[in-house]
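Please read it with the model open.

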Amino acid sequence: VGTQLLSESERVRVWHLAIKPGERLPVHRHVLDYFWTALTPGKARSHYHDGRTVEAEYRPGETQHYRFGPGKFMMHDLENIGDTVLAFTTVEFLDSSNPPLPVG
């Protein structure tokens with residue numbers, strides 16, 4: 001979900017994610033409702049568990065929200081295909097329909 005867990009309460013986990021050009025965040029699973037906000041501009045490619053490959057361009061302040069029903073999830077990687085550091089803040093909601101995955 002991120003490269004650094006910044007904060008955790010009984011309700012949320014706040015993550016920072018920074019990926020240098022050419023780096024790739026390994027495949028990970030999202031089960032909790034969450035949102036991310038881009039902190040820097042950049043380009044990325046993700047491969048999803050359903051076989052899709054998606055390339056995206058981000059701009060600072062861009063935000064996207066996700067919600068997962070019971071038993072639902074999303075699994076993907078994230079590769080920085082741009083020439084600048086790609087940074088996000090991600091907030092997971094621990095009171096979602098699914099139990100949180102352990103942080104490890």
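Predicted model: local features only at pLDDT ≥ 70, side-chain atom pairs only at ≥ 80, totals over all residues.

Two strands pair if DSSP finds at least two bridges between them. Helices (H or I, at least four residues) and strands (E, at least two) are DSSP runs, numbered from the N terminus. Residues are numbered from 1 along each chain as its sequence is written, and side-chain values use heavy atoms, with hydrogens and water left out.

**Strand 5 and its partners**

- Strand 5 and strand 6 run antiparallel and are joined by 6 bridges.
- The hairpin of strand 5 and strand 6 has 5 residues between the strands, and Gly51 in it takes a positive phi near 95 degrees.
- Strand 5 also pairs with strand 8, in the antiparallel sense, over 2 bridges.
- In strand 8, Glu79 is the bridge partner of Arg45.
- In a regular strand the side chains alternate between the two faces of the sheet.
- Buried means under 20% relative accessible area, exposed over 50%, and partly exposed in between (1.4 Å probe, protein chains only).

**Pockets**

- Rolling a probe the size of a water molecule over the atoms shows where empty space is left.
- On a 1 Å grid over the protein atoms alone, a pocket is an open set of points where a 1.4 Å probe fits, with protein on both sides within 12 Å along at least five of seven lines; lining residues have an atom within 4 Å of a point.
- Grid points are joined across faces, edges and corners, and a volume is the space filled by probe spheres set on the points.
- The largest pocket holds about 340 Å³ of space.
- It is lined by 24 residues, of which Trp36, Tyr48, Tyr58, Tyr66 and His76 are the closest to its centre.
- Strand 6 gives the largest share of this lining, 4 residues.
- The lining of the largest pocket divides into 14 nonpolar, 6 polar and 4 charged residues, where Ala, Val, Leu, Ile, Met, Phe, Trp, Tyr, Cys and Pro count as nonpolar, Asp, Glu, Lys and Arg as charged, and the others, Gly among them, as polar.
- The second largest pocket has a volume of about 260 Å³.
- Its lining has 16 residues, and the closest to the centre are Val1, Trp15, Pro102, Val103 and Gly104.
- Strand 2 (12-19) and strand 3 are the elements that give two or more residues to the lining of the second largest pocket, and strand 3 gives the largest share, 5 residues.
- By class, the lining of the second largest pocket has 10 nonpolar, 3 polar and 3 charged residues.

**Aromatic rings**

- The structure holds 6 aromatic pairs; rings of Phe, Tyr and Trp (its six-membered ring) pair if their centres lie within 6.5 Å, and planes under 30 degrees apart count as stacked, over 60 as edge-to-face and the rest as tilted.
- Trp36 and Tyr58 form an edge-to-face pair, 5.3 Å centre to centre with 85 degrees between the planes.
- Because Trp36 lies in strand 4 and Tyr58 in strand 6, this pair ties together parts that are 22 residues apart in sequence.
- Both Trp36 and Tyr58 are buried.
- Trp36 and Phe88 also make an edge-to-face pair, because their ring centres are 5.3 Å apart and their planes at 80 degrees.
- That pair links strand 4, with Trp36, to strand 9, with Phe88, 52 residues apart.
- Phe88 is buried, as is Trp36.
- Ring pairs also link Tyr34, Tyr66 and Phe68 into a cluster.

**Charges over rings**

- A charge sits over a ring if NZ of Lys or CZ of Arg is within 6 Å of the ring centre and within 35 degrees of the ring normal.
- The charged end of Arg29 sits over the ring of Phe73, 4.2 Å from its centre.
- Arg52 lies over the face of Tyr48, at 4.1 Å from the ring centre.
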